[in-house]
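Here is a quick tour of one model, with a few loops, some aromatic rings and a set of helix pairs along the way. Have the structure open as you read.

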Amino acid sequence: MNIAVLGAQWGDEGKGKIVDLLTPSFSIVARYQGGHNAGHTVYVQGQKFVLHLIPSGILHPGITCIIGNGLVIDPQALFAEVDQLASLGVAVGDRLVISNKAHLILPYHRELDLLSEARRGDRKIGTTSRGIGPAYEDKIARRGVRVGDLAEVASETPLADAVRENVEARNRLIGGAAMDWRRVLDHLRTAWVRLKPWVKDVSLYLAEARRAGRAVLYEGAQGTLLDIDHGTYPFVTSSNATIGGVCTGLDVGPRAGDGVLGVGRACTTRGREGPLPTELNDEIGTRLRESGQEYGASTGRPRRCGWYDAVAVRYAVRVNGVDALALTKLDVLDGLDEIQICTAYCCNGTTLAEFPGDLGQLAACTPVYESVPGWCVPTKGARRFSDLPEGAQRYIRRLEEVTGVPTGIISTGSDRDETIIREESVVPRWLR
Ligand code: IMP
């Protein structure tokens with residue numbers, strides 16, 4: 001079975017932990033979009049690993065990890081991650097495969113990201129400042145540099161022309177010291193020496209792997225509501241974090257997957273900017289942030305927190321064809337007397353059951369809450385659904401009713417072991 005694991009909220013749902021947990025059932029873990037804006041945190045026996053570009057499956061020996069054409073790669077960030085893993089005892093070696101069609105983040109992309117945010121002023125996106133948006137802009141404008149293009153460094157013709165034109169455009173746009181395109185080319189020449197052994201035709205690699213019966217886990221980054229097409233545009237990232245990204249970002253057909261697991265937290269979080277209908281600007285919001293340690297894994301910035309938004313998750317279920325959900329950070333709700341679930345929005349006196357596509361309409365929406373009793377017994381460390389306090393079981397069952405999909409995995413702490421994989425028949429067979 002080949003399955004996709006993707007975010008059902010605004011990113012930071014805990015996908016890294018879920019991918020790491022499921023990896024032993026697969027032979028390959030493949031990322032299909034984004035870049036080092038992602039921060040997938042995995043704890044293994046108390047040791048913390050934060051992965052940005054490399055799929056979370058790398059922590060398991062023998063697993064091949066793929067970086068698909070849908071990603072944008074900053075070579076220096078990649079090398080730093082490989083070196084960091086090595087220092088923690090994880091050898092990447094030849095287990096990494098990088099698509100020759102993935103685009104590169106070059107030094108001017110980060111500068112352009114900062115410039116674009118500064119120019120937007122109050123309307124800024126709150127990007128991770130990694131150059132992600134500008135690299136995707138160059139891709140769409142057909143002036144980007146792809147990993148496979150670096151093979152031409154020796155002959156120095158089309159690649160050198162592209163780099164020169166892009167750097168000259170950057171110099172016209174940005175004041176201060178001009179960037180030297182030859183230095184950028186040198187930097188690419190050096191990067192290629194290290195990248196080359198990992199670079200392959202990923203479409204072919206995956207087709208052969210699947211013919212050989214190797215199971216693939218497709219790993220999403222960010223989340224549905226941050227998707228360039230389906231998220232809260234323009235407060236989104238620049239790639240397709242939703243299911244369609246698997247096909248376009250890994251060069252595979254629509255029948256390459258057998259199931260979709262959406263990951264969502266027991267409370268909702270999002271970065272600094274953009275709409276978050278259930279945001280709590282009170283002591284409960286602060287409590288959720290502190291107990292969940294809600295600070296960006298890539299940026300360290302505090303996240304905004306709010307109640308579970310079933311309208312947003314239902315939308316993610318629809319857009320991605322989600323078969324089951326993984327519910328993470330349930331323990332963050334431990335000890336609350338009462339918990340709210342947003343089941344609908346109220347918009348100018350009308351009840352909305354579905355997530356609006358229009359940002360103006362979304363801004364006019366207020367959450368319609370349903371209150372459920374909390375629980376005082378800690379959920380942390382529970383191994384079976386029946387071990388959970390009754391209040392927590394009721395909360396999860398109610399979430400299943402309002403989202404329309406079963407909860408197959410429940411995470412009650414950061415470590416691998418602090419997880420429940422449900423075996424009830426409501427859960428898809430590929431999860432049991
Ligand atoms: P960019 O991807 O750096 O361009 O940022 C665009 C938006 O996506 C900003 O609101 C970021 O905070 C958000 N974002 C990007 N990556 C992540 C992530 O991995 N988790 C949560 N938010 C993210």
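In which loop is P234 found? P234 sits in the loop between strand 10 (216-219) and helix 8 (244-250). Before going further, keep in mind that this is a predicted model.

**Around P234**

P234 has a few things going on. The peptide bond that joins Y233 and P234 is cis, with omega at about 10 degrees. P234 is partly exposed, and its relative accessible area is 29%. Leaving aside residues up to four places away in sequence, P234 touches R120, I125 and L359. There is also K124 to look at: K124 and P234 are 110 residues apart along the chain, yet their C-alpha atoms are separated by 9.4 Å. One of the residues touched by P234, R120, belongs to the stretch 107-120 that makes up helix 3, a helix that comes back below.

Is L276 buried or exposed? L276 is buried, as its relative accessible area is 7%, and a residue counts as buried under 20%. L276 lies in the loop between strand 12 (268-270) and helix 9 (283-291). Its contacts, again without residues up to four places away in sequence, are W10, T268, R270, R304 and C305. For D331, 55 residues from L276 along the chain, the C-alpha separation from L276 is 22 Å.

**Aromatic rings**

How many aromatic pairs does a search of the whole structure find? The search turns up four. Take Y315 and F355: their ring centres are 5.2 Å apart and their planes sit at 25 degrees, so this pair is stacked. The stacked label follows because planes under 30 degrees apart count that way. Y315 lies in helix 10 (residues 310-320), while F355 is in the loop between strand 17 (350-352) and helix 11 (359-363), so the pair ties together parts that are 40 residues apart in sequence. Y315 and F355 are both buried. They also belong to one aromatic cluster, which is formed by W10, Y315, Y345 and F355.

Q45 is found in the loop between strand 3 (40-44) and strand 4 (47-51), and D251 in the loop between helix 8 and strand 11 (259-265). As for accessibility, Q45 is exposed, with a relative accessible area of 74%, whereas D251 is partly exposed, at 27%.

**Helix pairs**

Now for the helices. Two packed helices are described by the angle between their axes and the distance between the axes.

| Helix pair | Axes come within | Crossing angle |
|---|---|---|
| helix 2 (residues 75-87) and helix 6 (residues 181-195) | 10 Å | roughly 40 degrees |
| helix 5 (residues 158-173) and helix 6 | 9 Å | roughly 130 degrees |
| helix 3 (residues 107-120) and helix 4 (residues 132-140) | 7 Å | roughly 115 degrees |

Start with helix 2 and helix 6, which cross at roughly 40 degrees. That angle makes helix 2 oblique to helix 6, and their crossing is left-handed. On the helix 2 side, P75, Q76, L78, F79, V82 and D83 meet H187, A191, R194 and L195 of helix 6. By class, the residues of this contact are six nonpolar, two polar and two charged.

Helix 6 also pairs with helix 5, at roughly 130 degrees. Helix 5 is oblique to helix 6 as a result, and the crossing is right-handed. Helix 5 brings L159, A160, V163, R164 and V167 to this contact, and helix 6 brings W181, V184, L185 and L188. What classes do the residues of this contact divide into? There are eight nonpolar, no polar and one charged.

The last pair is helix 3 and helix 4, at roughly 115 degrees. That makes helix 3 roughly perpendicular to helix 4, and the crossing is right-handed. Y108, H109, L112 and D113 of helix 3 make the contact with I132, P134, A135 and D138 of helix 4. This contact has five nonpolar, one polar and two charged residues.

Notes: Residues are numbered from 1 along each chain as its sequence is written. This is a predicted model: local features need pLDDT of at least 70, side-chain atom pairs count only at pLDDT 80 or more; totals for chains, interfaces and linings use all residues. Side-chain values use heavy atoms; hydrogens and water are left out. Axes are lines fitted to C-alpha atoms, for helices over the stretch in contact, and angles run from 0 to 180 degrees between N-to-C directions. Helices (H or I, at least four residues) and strands (E, at least two) are DSSP runs, numbered from the N terminus. Angles under 35 degrees count as roughly parallel, over 145 as roughly antiparallel, 65 to 115 as roughly perpendicular and the rest as oblique. A crossing is left-handed if the near helix is turned anticlockwise from the far one by less than a right angle, and right-handed if clockwise. Contact means heavy atoms within 4.5 Å. Ala, Val, Leu, Ile, Met, Phe, Trp, Tyr, Cys and Pro count as nonpolar, Asp, Glu, Lys and Arg as charged, and the others, Gly among them, as polar. Rings of Phe, Tyr and Trp (its six-membered ring) pair if their centres lie within 6.5 Å; planes under 30 degrees apart count as stacked, over 60 as edge-to-face and the rest as tilted. Buried means under 20% relative accessible area, exposed over 50%, partly exposed in between (1.4 Å probe, protein chains only).
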